[in-house]
Amino acid sequence: MKKIKLYLYGKTRRMTFNVSTYFKNQNLYVGLIHRRRVGRPEPWGDLTVNLSETLPKDTAYVDVNNNPPELIQYLVDNGFITLLEGKFRQSGFVIYPKAKFNLEKIREYM
């Protein structure tokens with residue numbers, strides 16, 4: 001299993017992806033799993049947020065409210081996601097960008 005190495009919050013973290021769908025509308029869900037050297041893997045966070053519209057299978061809104069900008073930039077720079085220019089959705093005080101997820105590449109890191 002391949003792992004991505006991210007330097008976040010002052011530490012290097014080894015991560016893998018978790019891919020599923022949301023129950024309500026079957027939209028794409030992508031999360032990160034922290035793979036420690038010792039101990040069990042644990043959920044680290046959600047990369048996607050489910051807003052009420054139904055989206056294509058490889059598209060989701062990116063959770064920019066709960067993820068640091070450097071994580072989103074890493075995912076873009078390394079071909080895991082492509083932000084769709086001009087495509088956003090507001091929920092509350094947050095404006096979420098829509099992205100196309102490279103599921104083939106992501107599955108290599110599951």
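Colleague: Let's start with E42: what is its relative accessible area?

Modeller: E42 comes out at 32%, so it is partly exposed. By the cut-offs, buried means under 20% relative accessible area, exposed over 50%, and partly exposed in between, with a 1.4 Å probe and protein chains only. Bear in mind that this is a predicted model, where local features need pLDDT of at least 70, side-chain atom pairs count only at pLDDT 80 or more, and totals for chains, interfaces and linings use all residues. Residues are numbered from 1 along each chain as its sequence is written, and side-chain values use heavy atoms, with hydrogens and water left out.

Colleague: Which residue does E42 form a salt bridge with?

Modeller: R36, and the closest N and O atoms are 2.7 Å apart. A salt bridge here is a side-chain nitrogen of Lys or Arg within 4 Å of a carboxyl oxygen of Asp or Glu. R36 is partly exposed too, at 43%.

Colleague: How many salt bridges does the structure hold?

Modeller: Five. One of them is E108 with K2, at 2.9 Å between the closest N and O atoms. E108 lies in the segment after α2 (103–107) and K2 in the segment before β1 (4–8), so that pair ties together parts 106 residues apart in sequence. Helices (H or I, at least four residues) and strands (E, at least two) are DSSP runs, numbered from the N terminus.

Colleague: What about R89, which side chain does it meet?

Modeller: E53, in a salt bridge of 3.2 Å, N to O. R89 is in strand β7 (residues 81–91) and E53 in the loop between β5 (48–49) and β6 (59–62), so this pair ties together parts 36 residues apart in sequence. R89 has 26% relative accessibility, which makes it partly exposed, and E53 is partly exposed at 28%. Salt bridges with shared partners also join E53, R89 and K98 into one network.

Colleague: Good. Switching to rings: how many aromatic pairs are there?

Modeller: Five as well, as it happens. Rings of Phe, Tyr and Trp (its six-membered ring) pair if their centres lie within 6.5 Å; planes under 30 degrees apart count as stacked, over 60 as edge-to-face and the rest as tilted. Y9 and W44 make a tilted pair, 6.5 Å centre to centre with 35° between the planes.

Colleague: Where do Y9 and W44 lie?

Modeller: Y9 is in the loop between β1 and β2 (11–21), and W44 is in strand β4 (residues 42–46), so the pair ties together parts 35 residues apart in sequence. Y9 is exposed at 56%, while W44 is partly exposed at 23%.

Colleague: And F17 with F80, what is the angle of their planes?

Modeller: 45°, with the centres 5.2 Å apart, so that pair is tilted. F17 is in strand β2 and F80 in the loop between α1 (69–77) and β7, 63 residues apart, so to speak distant parts of the chain.

Colleague: Buried or exposed, those two?

Modeller: Buried: F17 is at 4% and F80 at 2%.

Colleague: Which residues form one aromatic cluster?

Modeller: F17, Y74, F80 and Y109.

Colleague: Last one: which charged end sits over the ring of F80?

Modeller: That of K105, 4.8 Å from the ring centre. The test is NZ of Lys or CZ of Arg within 6 Å of the ring centre and within 35 degrees of the ring normal.
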